[in-house]
Each structure stands twice: as structure tokens, then as C-alpha cells.
Amino acid sequence: MFTQIQPAPRIHFLPPPLPPDYPLLRRHCTPLLNHRRSRTSFRRLRVSNCLNADGRNASCSQESEESTAGREDGVRRAYPYHEIEPKWQRYWEETKTFRTPDEIDMSKPKFYVLDMFPYPSGAGLHVGHPLGYTATDILARLRRMQGFNVLHPMGWDAFGLPAEQYAIETGTHPKVTTIKNIDRFRSQLKLLGFSYDWDREISTTDTEYYKWTQWIFLQLLKRGLAYQAEVPVNWCPALGTVLANEEVVDGVSERGGHPVIRKPMRQWMLKITAYADRLLEDLNDLDWPESVKEMQRNWIGRSEGAEMQFNVVDIESDLKITVYTTRPDTIFGATYLVLAPEHVLLSAIVSDAQRKDVEEYREVASRKSDLERTELQKEKTGVFSGCYATNPANGVSIPIWVADYVLGSYGTGAIMAVPAHDTRDHEFALKYNLPICGVVNPENGSLDYFEKAFSGEGTMINSSSTTSGLDINGLTSKDAAYRVIEWLEKTGNGMKKVNYKLRDWLFARQRYWGEPIPVIFNDRGECEPISEAELPLTLPELDDFTPTGTGEPPLAKALSWVETIDPTTGGSARRETNTMPQWAGSCWYYLRFMDPKNTNALVDKEKEMYWSPVDVYVGGAEHAVLHLLYARFWHKVLYDIGVVSTKEPFQCVINQGIILGEVQYLAYRDSDGNLVSADVVNDTGNFSQESIPEEKVVKSGDYFVMKDNPNIRLIARAHKMSKSRGNVVNPDDVVLQYGADSLRLYEMFMGPFRDSKTWSTSGIDGVHRFLARVWRLVVGLPSADGKFKSGTVDFEGEPSIEQLRCLHRCINKVTEEIEATRFNTGISAMMEFTNAAYKWEKLPKSIVEEFILLLSPYAPHMAEELWSRLGHSTSLAYEPFPKVNPAYLKESTVVLPVQINGKTRGTIQVEKTCTEEDAFELASLDSKLSKFLSGKSIKKRIFVPGKILNIIVLEAPKVKVSQR
């Protein structure tokens, strides 16, 4: 939820007036259908023009699928969306209705709402993409109408591996592919009527944009935050590039499924760890989902503990293994050490007898990602190094093992294993028959440490040594940890240490299609930044993008570009041939949107101070960690050097849910071809699956079954939309069949914005019918040939109190629900209003106008058209959004319980100011209550205004009849 700001009293400019004879641009169906690949199909919509109102609109014109009367394209529609939507999209574009001027009144409140930067893939949009875009558009339109200066831009995160891989496969330059894909995305977004300021459109591949990406890199380099280091990386020989951990799945590349190995390479790194504490602390002030903040905290992984040294025994050289632990209190329970397979000392300490086994193990581990290696459910594996080290606390020699569940990139790449008090160490110790020694006794009694590890705190036991002089027996875990750290520092065996899971950011890719890194290497191999005046350093044209196979990037093939002159010495030099990762351009684009045409600075200071931070940032939860963390890191660096005025870039982050593909129903058949109920299928049988059409399925309780055989239970599944599954729904098809407003409305109506939802083509019918009812409410019924008149129905009279109450209840609900991003319930409120309006005998124009303004953020095309037909000559985009009058929210009547002799017999509807006499009179006239009062004498009346009326009556005496 974002913070509500009070609307400004006036708007900053009006859009140009709409000409009375503004031409229609009709959307024709046939060409659009002919050029598209086959996707999920839509059946012809059947719409009835019958209104469920009273006699005012009682006529009903039934339509069939084959009706073609009065339509030049042979399609009869519920309302002419195919005419009004292209018309208003064209008007908005030609008049630049949503352009935010460079010069604005900065005394007014601002609202910067931003979608997470999309990557323009060749597949274009599917219906899952507009979910977030529609939400931000509704927010932007609301704020404009509330008088805010609104910044609502769109651009493209267009560098990256997919375009380069396509170039390798087809020979098409990635620049050509990227431009084509951007054009496709842009046209689809415009088709949906989003109110973006297209004059601010940017792409990370534009030289004038990545000039400033390179400039930021130079600032990082100046401050020692960019450096080169030899690090183990995920190397994919087939793709010829280093991959981030999240790009590797089960030992293969996420794109293409190619084998990935770990190998050391000299790489550019960014020192994000220098900002770890600030990245943690500043999370507290952000209006983000707590789950996202917790993911960032876990990724940063700050912990306090100790580093301690274990002397390696039986080695000629004086080698020490440094370990990091968050539980120094358990040092006496350390019964073995574990080194990461990539630990720098491993080759020096491994015994000759174990060397072959260790090298084989290292090779296997190099093909695993960090995520695979640290997965808790994974069975632990390892190999003995053949060497021992001395536990400094008790002088005992303990074995040194090698295991891939320890990472070289975390801590020191070595741990002291305490199997009695760590689950992973316990599993490993049991598997390889290693000693287990309990040193922490839980408060509630002792444990069998061989059965289960105890990872909590308690009282120290088995923790003293006369040799080392360390005795922590009887201390609490917390006090023992302090005592051990004091002892380590006093004896020189270690020290207190704060550690982070966060690693420095690997900032180089062996690709062509990325931002060139603006440095050169002189003839002595020293790195020198190029002059800022030389920016942008542009990519050279290449015809061959294929990997070199040697680890050298494709840019190494552009010899005339690579070989250059050192401006300092005049000697020969070479340019850096790695490029920046795709993350780079998306780290700061929100700043460039504030001032996209500035050639002298990344962003104008005054504009940045006004627009920062982004008020609402909407995107998928998959970006909850890395993108947001990297962007925050860059922003803090820019804050430190005075480029930006805020500590954080995004004040409010909202993660929309995922729209899954339509539900697929699966049935099982046995080896004889007979249908088998899903609840009896097991892994041992020979069963096959087949897809069942929706029309043959019915729901029975919590399950889906065959309609003609309810004994056969089915499997119902919905998957994320993807081309490989064939469940992608193209929004263009939906717009063609139902209109953009219907698609927008349906995406918002499917369920809570933040929840995942399942797409259902048939579900669009409901919101489409709602829009058709709104259209007919204002325009009237179509003629016999299906055409609607050009004007509106006749509006009558002034609004009644009840009509005003109904309207303001709707205003209140819609405004509250948009503010809280509960868009679905806002739509429900408008549906309720429409139902009520159809029951009114007279429809005042002022009521209709207010309702159209309420509808406009959700269904802008229809709202603009109806607003124009109501006699307005300008767009409604900057009309004041309706404000609720609290007086109309107060109900003037109450339901009053009526008791007869203390027993409730019924209720009556009375005014809140109703007197006792009026209440009694109404009760006497009520058909249900009057039978209890008829012919009775009233003894007493007890009346509590607005609460209760109790009537005490005299009961007739019972007469005994004597029997003769």
C-alpha cells in the first residue's frame, strides 16, 4: 500500500480539445488474424442487449453468433470498442495527452509510478505481462485526476544474452533483432491504452543512455569500488560466457541447457560488500513487502562471530587454516574441519594417498552451482584430505575433510564442524562415522546428540582444557562466546569478526551484446580508465558473434577496435573485451526517465530532487533480491558523490501475482486403455495421460471429474505461461475479440493483485457484459441492425438523496480500493452501482458524469468516448476525480427491533430521528406485528431511540370452562 497524499487543488495543464469531427480509425479483424501464429483461440462472443431493468429499457434484441446485420466486417458487438479504442489511442498520441512537460509547477505534489524494466523478447507480450502495467496505469490516471504531477514512463532493458544467442543462430545482428522486438512490445502496450509518456522512452542499448552507464562505472573505479580479481565462476563453454548463479540450473545453463563448469577467471568485480551495512539498515524505512525485505536481509546475511586458526599437523611448512563461525562457544565440540573444494590451501595439504580422490571430487563439485551445493535436502558428500589440524581449544588433532556444502566464496571457505550442534555437520558425521561431542546442554535437560543435533543455546558442558587455559563450563552460550573471543584475541588464535553472505558483484560477461567497459590496458598490463570526454565508448560492428572457445569474449575479434593508443604514454594499449552484465543498464534507468534528453549530466539536480524517490515500483517477485539490491547499491554510491538526493531509489515496491495458463484437465488410462480415477493411480502401474476438454469436465466437491462418468477423478493443473507448454495467450487476440478495456478490467477483476491467478478465457465474458451494460446505460439500446446512435439517452432531473448516496458509496469504495491496490473490489463497487442505476426511473446527467470519471482509470477508452458524448470537448484525463461527501455515507434510517412483552416479534425501518409515537404507529401498521397488538390494551411502552421499542400489552384473562 502506498501513502495517500492529499490531492492538489488544481491541475497543471489541460490537453488540447477534441475536435467535434475527430475521425474514427476502425480496427479491422481479418488482417490481424491472418498474420499471427496460432495461439489459444477464442470462441465468438454471444452478447444479449437485454437489460435487466424496469420498463424504461424493456425491449430486448437477441443476438446469435451468425448475426451480421449492420456491420461491415460481419461481426455484431456488445458495444463498438473496435471503433472507439483506436480513435482514442490515436487522439492521445497525437495530442500527447500524457506527456509530462519538462517544466512543471514544482510546488505541486508529485507521483512517480514505474514498472520494472521489461526485456523485449521476440515472443512479445502474453496476457500475464499487462497485469502490473494495468495496475500502474490505474494509479497514474487516478493521480493525474487528483491534480498531481505524474511521471509514468516506459523503456527497455534491451542488452542481454537472448538477442546475442539469436544472432549466433540466425546471423541477424542483435541490434536489428532488438529494434524489431521493441517495436513489437511498444505497439502491444499502446494497443492496451496505457498512459505512458512515450517522449521519455529509453533503451539501455542507445549510446546516449549507456554513455552514462559507463560514466557510473568510472565513478565506481575512481572510488575503488570496481576492481579485478581471480574468482571461481560459472563458465559455460557452449555459450562462451560466465553465468550468474541464478542462470545455472542443475549444472546446466538456464538458456539452452548447456553444461556449466566452475573455473577460476580474472573478472571485474564491484565492491557491493562495502555497502552491506547500509543496505541492511535502510531497509527499515521502506514501504516494501516484508517478505522482500527479509529476502534481501537473508541475501546480505550479516552475522557476528569469530575467525579462529587451526594449525595443520604433519606438514613441513607452517600452515594455518582460518575458519569463521557464528558459534565460537562450541569450539570444544569441533571434531573435524571441512574445506571447500576450491579452497586455496587444499592442494598444499592433501596427502599423496588421497590426492587422486580429492581431485576427482573437486572436478565433480566444479560442475555444480552454489545453490545446488548448499541445498539443505541434498545428501552430503565429501572426501578425506588425508591430513589433520589441531583444535586450539583442547590440542586434539582432528581430520580435515573436503565437502561441497562449504563454499569458497563464503567466510574463509573453511568451517569447524560441530556435528552435535549443526544439522549439516551431524548428517555428514553420521555418514562418514566421525566423532560427535555435545558441548551445549539445553535448558530443559540433556539430549542424545547421536540421534539429533541441538542447534539452540544453553549451558556449556565438556568445555574446559588445562592445556589451553580455556574453561567455559557452566556459562551460557552467549557468555561463553564472549569468553572464547577474548581468549582467541589474547592468545593470537583468532578475533571477533562480522561476516556477510553477500559477495562482491561479478561484473563482467564474455558477450558482445552489452555495454563496453570503458578501460584500456597499457603495454605493462596496467588498467587505465578512458577519459569521460571519450564517452560513450561504442560497440564495434561485428559479423561474427560466436564464442571464441578460449574464454576470450567475441569483442576480441574486433582487432581494429581492441588495439588502441595509451593517451598517457603514446604506447600501444588494448581495450577491455568483456562487457557489462544485463543488470548494469537496469540499475539506474529510473533516474534517466526524470531527464532523458540531458546530454551534459546523468540527471538534472533540480529534477532529481523533485521526482526522487520513485513513489510506487511494480514488478515480479523474481526481482526481489538481485535487481533491487544492485539498484540500491548504485543509488547509494550516486548519493555519496552528490548525484542523487535520497538514500533509497524506491519508496514503495509492490509485487504483482503471476497469471497462470488456463487450467488443463488430465485423465489417466491403464495399459488396456480404460479410464482410471486419479485417486487410485500409483507409481508402480503403467498409466498414460491424456488431455480432457473443459466441456467434458464438471466439478464435484473439491475435485474435477468426467461429466459423463463422475467416478473418474481428473488432475487439474495450471502452469506458468510459456511457449514450450503451448499455453500462451496473446493479448492482441483478446483485444480483437473483447477490446482493450475488457482485458484491462478482467486482469484487475481476476482476484487480489498480489496473488497468483489462473487465466480463464470464459471469465472475460463477465466484465465485457458489464462494460456493455455501462455503454447501454448512457448510449441506449442499438437499433435493429446492431448499430448504436451517436449520442446518449435523455437524462432527466436532479439527483435524489438516494441516488447521491449510491454514487458516493461507489466513489468512496473505488477510491479506497485503488489506493490500496485492491482493484478487483473497486470493480465490484462499480458493478453494484450500475445494477442500482438500471432500477432508477430517472437518470440524472450529473450522476452519470461522476460515474464515468470513476470508471476512467480502469476503462479509459470507453470513459473518454462517453465523456465526449456527454458534451465535453476535452479529454477527461485531467478532470478532477470525484471526491466523496461523507454526509452521503451516513445512513438516515435504522432497523429498529420491536418486542412484545419482552420477546422480539419483528423489526421496522425508521428514521434515526424517529420519535416514540412515530415508531409505535409504524409498528401498529406492520402486518407481522399488528396481529400481536390487535385488540390488546397497551400497558406500557419502552423506547430507546435507534435501539429498541418494547410494547407491554395486557393479556386477556383465561376463562375456565366447567365440565358438566
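## The β22–β25 sheet

Strands β22 (residues 519-522) and β25 (residues 572-575) run antiparallel and are joined by 3 bridges; strands pair if DSSP finds at least two bridges between them. Within this pairing, Phe521 has Arg574 of β25 as its bridge partner. Helices (H or I, at least four residues) and strands (E, at least two) are DSSP runs, numbered from the N terminus. The model is predicted: local features need pLDDT of at least 70 and side-chain atom pairs count only at pLDDT 80 or more, while totals for chains, interfaces and linings use all residues. Residues are numbered from 1 along each chain as its sequence is written, and side-chain values use heavy atoms, with hydrogens and water left out.

The two strands belong to an open sheet of 4 strands in the order β23-β22-β25-β24, with antiparallel pairing. At its edges are β23 (527-529) and β24 (563-565), each of which pairs on one side only. On average, neighbouring strands of this sheet are turned by 45 degrees against each other, direction ignored. Axes are lines fitted to C-alpha atoms, for helices over the stretch in contact, and angles run from 0 to 180 degrees between N-to-C directions.

Another open sheet of 4 strands has the order β37-β36-β39-β38, with mixed pairing. β37 (903-911) and β38 (937-944) stand at the edges with a single partner strand each, so one side of each has no neighbour in the sheet. From one strand to the next, the twist averages 20 degrees.

β38 pairs with β39 (residues 948-954) in the antiparallel sense over 7 bridges. Lys940 stands opposite Ile952 of β39. Helix α25 (residues 916-925) lies across β36 (893-900), β37, β38 and β39, and runs at about 120 degrees to β38.

## Helix α23

Helix α23 (residues 845-855) is largely enclosed by the rest of the structure, because 8 of its 11 residues are buried. Buried means under 20% relative accessible area, exposed means over 50%, and partly exposed lies in between (1.4 Å probe, protein chains only). The buried residues of α23 are Ile847, Val848, Glu849, Phe851, Ile852, Leu853, Leu854 and Leu855. Their cover includes α3 (130-145), α20 (764-779), α21 (801-819), α22 (823-837) and α24 (860-869).

## Aromatic rings

Rings of Phe, Tyr and Trp (its six-membered ring) pair if their centres lie within 6.5 Å; planes under 30 degrees apart count as stacked, over 60 as edge-to-face and the rest as tilted. By this rule there are 44 aromatic pairs. The ring centres of Tyr275 and Phe633 are 5.5 Å apart and their planes are at 65 degrees, so this pair is edge-to-face. The pair links distant parts of the chain, 358 residues apart: Tyr275 is in the loop between β9 (261-270) and α7 (276-281), and Phe633 is in helix α17 (residues 626-640). Tyr275 counts as buried at 8% relative accessibility, as does Phe633 at 0%. Phe833 and Trp840 form an edge-to-face pair, with 5.7 Å centre to centre and 85 degrees between the planes. Phe833 is buried at 3% relative accessible area, and Trp840 is buried at 12%.

Ring pairs also link Phe217, Trp268, Trp505, Phe507, Trp583, Tyr630 and Trp634 into a cluster. A charge sits over a ring if NZ of Lys or CZ of Arg is within 6 Å of the ring centre and within 35 degrees of the ring normal. Arg575 lies over the face of Trp561, 5.6 Å from the ring centre. Arg713 lies over the face of Tyr703, 3.6 Å from the ring centre.

## Cysteines

A search of the whole structure finds 0 disulfides, a disulfide being a pair of cysteine sulfur atoms within 2.5 Å. For Cys810, the closest cysteine sulfur is in Cys806, at 7.2 Å, too far for a bond. Cys810 is buried, with a relative accessible area of 3%. Cys914 is buried too, at 13%.

Phe117 is in the loop between β1 (110-115) and α3 and counts as buried at 12% relative accessibility. Contact means heavy atoms within 4.5 Å. Leaving aside neighbours within four places in sequence, the contacts of Phe117 include Trp156, Ile202, Ser586, Tyr589 and Phe593. The C-alpha atoms of Phe117 and Ser586 are separated by 6.8 Å, although the residues are 469 apart along the chain.

Ser303 is in strand β10 (residues 303-313) and is buried, with a relative accessible area of 14%. Not counting residues up to four places away in sequence, Ser303 touches Tyr324, Thr326, Tyr410, Lys497, Val498 and Asn499.
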